[in-house]
Amino acid sequence: DGAVEVEGNVEGNLTCQFAFIRKRGFIKGDIIADEVIIDGEAQGIIKARAVTLSGTARVVGIIMYESLSIQA
């Protein structure tokens, strides 16, 4: 129900309120959260109310969102 920060490699699904994939973080699996911020890499389905992708983010998969922000 809380926040999860990923700084290493994770293989599996993630369900939480807030997910932050740091610059050196990598997740292979689905992310379901209220808010997702990605600085690193994600492979899989992302389902969130708000998704923010930084300039260093890399996403391979499907993003389902209400609000999407992509930084330069």
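Which side chains meet in a salt bridge of 3.5 Å, N to O? The views below, taken from a predicted model, begin with that pair.

**View 1. R22 and its salt bridges with E7 and E5.** The side chain of R22 meets that of E7 in a salt bridge, at 3.5 Å from N to O. Because R22 lies in the loop between β4 and β5 and E7 in the loop between β1 and β2 (9-11), this pair ties together parts that are 15 residues apart in sequence. R22 also meets the side chain of E5 in a salt bridge, here at 2.5 Å from N to O.

**View 2. The salt bridge between E41 and R58.** A search of the whole structure finds three salt bridges, and one of them is formed by the side chains of E41 and R58, at 3.0 Å from N to O. The pair links distant parts of the chain, with E41 in strand β7 and R58 in strand β8, 17 residues apart. Both residues count as partly exposed, E41 at 22% relative accessibility and R58 at 49%. Elsewhere, salt bridges that share partners join E5, E7 and R22 into one network.

**View 3. The largest nonpolar core.** This core has 15 residues, of which A19, I31, V36, I38 and I46 touch the most other members. Strands β4 (18-21), β6 (31-38) and β7 each supply at least two residues of the core, and β7 gives the most, with five residues. Leaving out residues up to four places away in sequence, V36 touches A19, I31, I46, A48, A50, V51 and T52.

**View 4. T52 in strand β7.** T52 is placed in strand β7 (residues 41-53). With a relative accessible area of 18%, T52 counts as buried because that value falls under the 20% cut-off. Apart from neighbours within four places in sequence, T52 is in contact with V36, I37, I38, S69 and Q71.

View 5. I45, I62 and M64 make a nonpolar surface patch of about 250 Å². Of these residues, I62 lies in strand β8 (residues 58-70).

Terms used: Residues are numbered from 1 along each chain as its sequence is written. This is a predicted model: local features need pLDDT of at least 70, side-chain atom pairs count only at pLDDT 80 or more; totals for chains, interfaces and linings use all residues. Side-chain values use heavy atoms; hydrogens and water are left out. Helices (H or I, at least four residues) and strands (E, at least two) are DSSP runs, numbered from the N terminus. Buried means under 20% relative accessible area, exposed over 50%, partly exposed in between (1.4 Å probe, protein chains only). Contact means heavy atoms within 4.5 Å. Patches are made of residues with over 30% relative accessible area and no salt bridge: like charges are joined within 9 Å, nonpolar side chains (Val, Leu, Ile, Met, Phe, Trp, Tyr) within 5 Å. Accessible areas come from the Shrake-Rupley method with a 1.4 Å probe; for residues, only the protein chains shown count as cover. A salt bridge is a side-chain nitrogen of Lys or Arg within 4 Å of a carboxyl oxygen of Asp or Glu. A nonpolar core is a set of buried Ala, Val, Leu, Ile, Met, Phe, Trp, Tyr and Cys residues joined through side-chain atoms within 4.5 Å.
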